[in-house]
Amino acid sequence: MTTEAETLARTVLSVENLSAWYAESKVLHGISFDVREGELLTLIGRNGAGKTTTLRSIMGIVKKRTGSITFNGDQLIGRRIYEIARKGIGYCPEERAIFSSLSVKENLTLPPVLQSGGMGDEELLEAFPNLRSRASSQGTKLSGGEQQMLAIARILRTGSRFLLLDEPSEGLAPVVVKEIGELILRLKARGFTIILVEQNLRFAKRVADRHVVVENGKVVDILSAAQLDSDMERVQSYLGV
Amino acid sequence: MFDAISPQLIFGQLLIGLINGSFYAMLSMGLAIIFGLMHVVNFAHGAQYMLGAFVTWVLLNYLGIPYWPSLVLAPVIVAVLGMVMERTILRPLQNLDHLYGLLATYAVALIVEGLIRQQYGSSGLPYSSPIPGGVNLGFMFLPYYRLWVVLFSIVTCIGSWLLIEHTKLGAYLRAANEKPDIVETFGINVPRMVTLTYGFGVGLAALSGVLAAPIYQVSPSMGSSIMIVIFAVVVIGGMGSIIGAVATGYMLGLVEALTKIVYPEAANVVIFLFMILALLVRPNGLFSGAEKTR
């Protein structure tokens with residue numbers, strides 16, 4: 001059931017019948033969902049279900065893909081990664097991808113400002129005070145939580161208002177997961193539209209408006225936050241927990 | 001044996017070592033930059049060095065353009081040819097095994113060398129020094145042009161190192177060496193960066209060729225003869241390490257020269273002996289990771 005506000009919100013991203021391949025291996029089998037402006041949507045599912053591949057296909061990292069991905073009306077299939085990024089999509093990968101040859105500050109300031117409205121360097125360091133004190137350290141010398149903060153912080157610099165976050169809570173201590181959750185909620189409150197890939201259901205439940213359940217490269221269900229709360233049994237059957 | 005070694009011989013060989021080291025450093029730096037970003041072992045590097053010298057000779061003899069404008073023109077011309085090669089030959093191979101890139105560049109080297117030999121013959125062509133004369137230091141005669149080559153190459157190596165290690169452009173390059181797809185997700189046109197980087201590496205090779213033209217004979221085989229040493233330099237320094245390539249280039253130039261004093265017969269093999277020892281002690285190269293831990 002959708003609320004009136006959800007119905008009125010503009011669709012920013014529309015994925016239709018998306019299939020994707022790694023070499024000859026077909027990983028996604030016709031995925032469809034859409035994302036509305038200001039919404040926080042999670043992709044949930046078992047390991048290997050195709051959640052990360054969905055994000056990588058949207059971003060153009062997975063090159064062999066068919067179907068349709070439209071962002072603000074523009075078709076993304078056939079576009080190069082940098083062209084997709086310049087449309088205002090920020091991507092934070094699962095492995096965080098901190099550059100070992102760069103310092104924390106260089107990692108943070110590496111992405112160029114693509115659109116107005118991005119956070120300035122000083123604003124980012126104020127929002128992530130740990131990074132200020134470690135600015136000259138090698139990027140990969142940070143703790144897992146700090147690396148995750150850095151990975152999210154640097155894409156906020158670009159001015160992208162649409163974020164793809166791949167398992168930001170993975171492998172982190174509960175207290176850090178809580179901090180990341182608060183950060184994501186703050187971003188949502190500032191009007192960012194977010195797709196979050198997450199296996200941590202408790203974490204996903206806390207932050208998301210809707211949940212897209214992915215299984216074997218297909219969307220098998222789409223649940224509102226309220227439905228997730230009321231029908232946990234159904235969700236757990238999808239996740240096999 | 002050592003009693004017979006005169007200061008003139010030692011300083012003369014040190015100068016030769018520094019000059020050879022300058023060429024080793026500039027060539028291996030270009031090779032390391034290209035390998036770092038593209039993971040292509042650019043076997044055409046020697047041919048591109050030779051083209052730099054030949055373009056300089058052609059500019060003078062056909063168009064009357066002297067050395068100093070050629071110092072800029074020839075590397076730019078060869079770099080543009082390199083960028084065309086990257087777009088037409090290397091890019092279609094980028095998703096295949098790196099061996100294909102190696103073979104393709106080797107093929108280009110053979111074709112370029114063959115065409116130049118066909119046109120200009122095998123014997124070297126002379127190119128007179130743009131800075132004639134020299135200074136007598138008492139213990140040796142130092143030609144001005146050789147001093148210029150050593151100083152210019154040191155400035156070029158330091159400049160290139162500063163560009164890569166201490167500028168935003170260099171940060172993009174270092175990041176793209178590690179994770180090109182992620183750098184592209186920041187909206188950076190990595191394919192264009194690859195083309196420009198290849199052009200820069202090729203331009204460095206051609207610049208070395210311009211510097212070499214008045215010292216060595218401008219000949220089709222000048223590139224292939226130096227390339228084996230350059231590969232040894234890059235391997236010893238650490239594949240893709242800029243600072244490793246430069247430091248090892250100068251070091252091996254001096255080692256080679258000093259060996260000529262002590263045991264001339266070993267001068268041609270000492271570099272490869274050094275390479276074997278370096279690989280046994282540090283298989284990833286003497287300077288691998290040096291840039292990462294700064």
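At what angle do helix 2 and helix 4 of chain B pack? Before the answer, a word on the model: it is predicted, so local features need pLDDT of at least 70 and side-chain atom pairs count only at pLDDT 80 or more, while totals for chains, interfaces and linings use all residues. Residues are numbered from 1 along each chain as its sequence is written, chains are lettered from A in the order in which they are written, and side-chain values use heavy atoms, without hydrogens and water.

Now look at chain B. Helix 2 (residues 45–63) and helix 4 (residues 98–120) pack at about 30°, with axes 10 Å apart. Helices here are DSSP runs (H or I, at least four residues) numbered from the N terminus; axes are lines fitted to C-alpha atoms over the stretch in contact, and angles run from 0 to 180 degrees between N-to-C directions. Angles under 35 degrees count as roughly parallel, and therefore helix 2 and helix 4 of chain B are roughly parallel to each other. Where they meet (contact means heavy atoms within 4.5 Å), helix 2 of chain B brings residues including F54(B) and W57(B), and helix 4 of chain B brings residues including V112(B) and I116(B).

Next, turn to the two chains together. In all, 21 residues of chain B are in contact with 29 residues of chain A. The chains bury about 2,100 Å² between them, counted as accessible area (1.4 Å probe) lost on being put together, summed over both. Two salt bridges are counted between chain B and chain A; each is a side-chain nitrogen of Lys or Arg within 4 Å of a carboxyl oxygen of Asp or Glu. R80(A) and E184(B) meet in a salt bridge at 3.3 Å, N to O.

Note on methods. Helices (H or I, at least four residues) and strands (E, at least two) are DSSP runs, numbered from the N terminus. Angles under 35 degrees count as roughly parallel, over 145 as roughly antiparallel, 65 to 115 as roughly perpendicular and the rest as oblique. Buried area is the accessible area (1.4 Å probe) that two parts lose on being put together, summed over both.
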